[in-house]
Amino acid sequence: MQPGISSHPDPDDQYSSHDRLIVIGVRHHSPACAQLVRRTIEDHSPAFVLIEGPADFNPHIEDLRLPHQLPLAIFSFHATPRSTHASYSPFCCYSPEWEALQAAWSTGARPLFCDLPAWHPDFGDRTNRYADLHGERAAAVERAAAQALGEDGRDAFWDAIAEQSPPEQLEERLAYYFDLLRPDGVEDPQEFARERYMAA
């Protein structure tokens, strides 16, 4: 990870909390990850909270402060003379993205979606913007890890390492989980444009 960008902040390093980009890896619709996101935002009081979601919705992000009944979704539709593209970004009460929005507003931070617009050509032909391009590899890794832990399948494995994790161990367990899923050297060139956009 680059200096100043950390998923494991070290309070004694040369970067102050005001200079740091803290990255939190999450699984969508995870209560444990949602709680971690809220705690981190409340503990660090950032000026901005960047959330995986369609950046072209940012001019309307305040609409999400209205009294909604969850679940809800942002629906994107884009048409040209040659093609159409539809996508949605779902939220429920235990979505890390929803908790990020709520915690940002409650702490005075400005939330912004930082992902490519859902219709952007760099998403390719994906119908689900959150689809994992490493799905088969990730499934094999999760099956092997579940078997090693004696868990009955991928969902039971996730529950054991994350949802049932003591809160003080969750960040370390998530780092281990994401390193298993995407170790260095397995980056997908199809994701480079999207990752450059989010990094910018």
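Let's start in helix α2, which spans residues 96–107 and holds Glu99. Helices here are DSSP runs of H or I with at least four residues, strands are runs of E with at least two, and both are numbered from the N terminus. This is a predicted model, where local features need pLDDT of at least 70, side-chain atom pairs count only at pLDDT 80 or more, and totals for chains, interfaces and linings use all residues. Residues are numbered from 1 along each chain as its sequence is written, and side-chain values use heavy atoms, with hydrogens and water left out.

Is Glu99 buried or exposed? Glu99 has a relative accessible area of 15%, so it counts as buried; the cut-offs are under 20% for buried, over 50% for exposed and partly exposed in between, with a 1.4 Å probe and protein chains only. Leaving aside residues up to four places away in sequence, Glu99 touches Ala34, Val37, Arg38 and Cys93, where contact means heavy atoms within 4.5 Å.

## Strand β6 and its partner

Strand β6 covers residues 110–115, and five of its six residues are buried. Strand β3 (residues 48–54) runs parallel to β6, and five bridges join them; strands pair if DSSP finds at least two bridges between them.

Asp115 and Ala199 are 84 residues apart in sequence, yet their C-alpha atoms are 9.2 Å apart in space. Ala199 belongs to helix α6, residues 192–199, and is exposed because its relative accessibility is 68%.

## Aromatic pairs

How many aromatic pairs does a search of the whole structure find? The search finds six, counting rings of Phe, Tyr and Trp (its six-membered ring) whose centres lie within 6.5 Å, with planes under 30 degrees apart called stacked, over 60 edge-to-face and the rest tilted. Phe157 and Tyr177 form a tilted pair because their ring planes stand at 40 degrees, with the centres 6.2 Å apart. This pair links distant parts of the chain, 20 residues apart: Phe157 sits in helix α4 (residues 154–163) and Tyr177 in helix α5 (residues 170–181). Both Phe157 and Tyr177 are buried.

Elsewhere, one aromatic cluster is made up of Phe57, Phe91, Trp98 and Phe113.

## Cysteines

Searching the whole structure for disulfides, meaning cysteine sulfur pairs within 2.5 Å, gives zero. Cys92 is in no disulfide, and its nearest cysteine sulfur, that of Cys93, is 5.6 Å away. With a relative accessible area of 13%, Cys92 is buried. Cys33 is buried too, at 0% relative accessibility.
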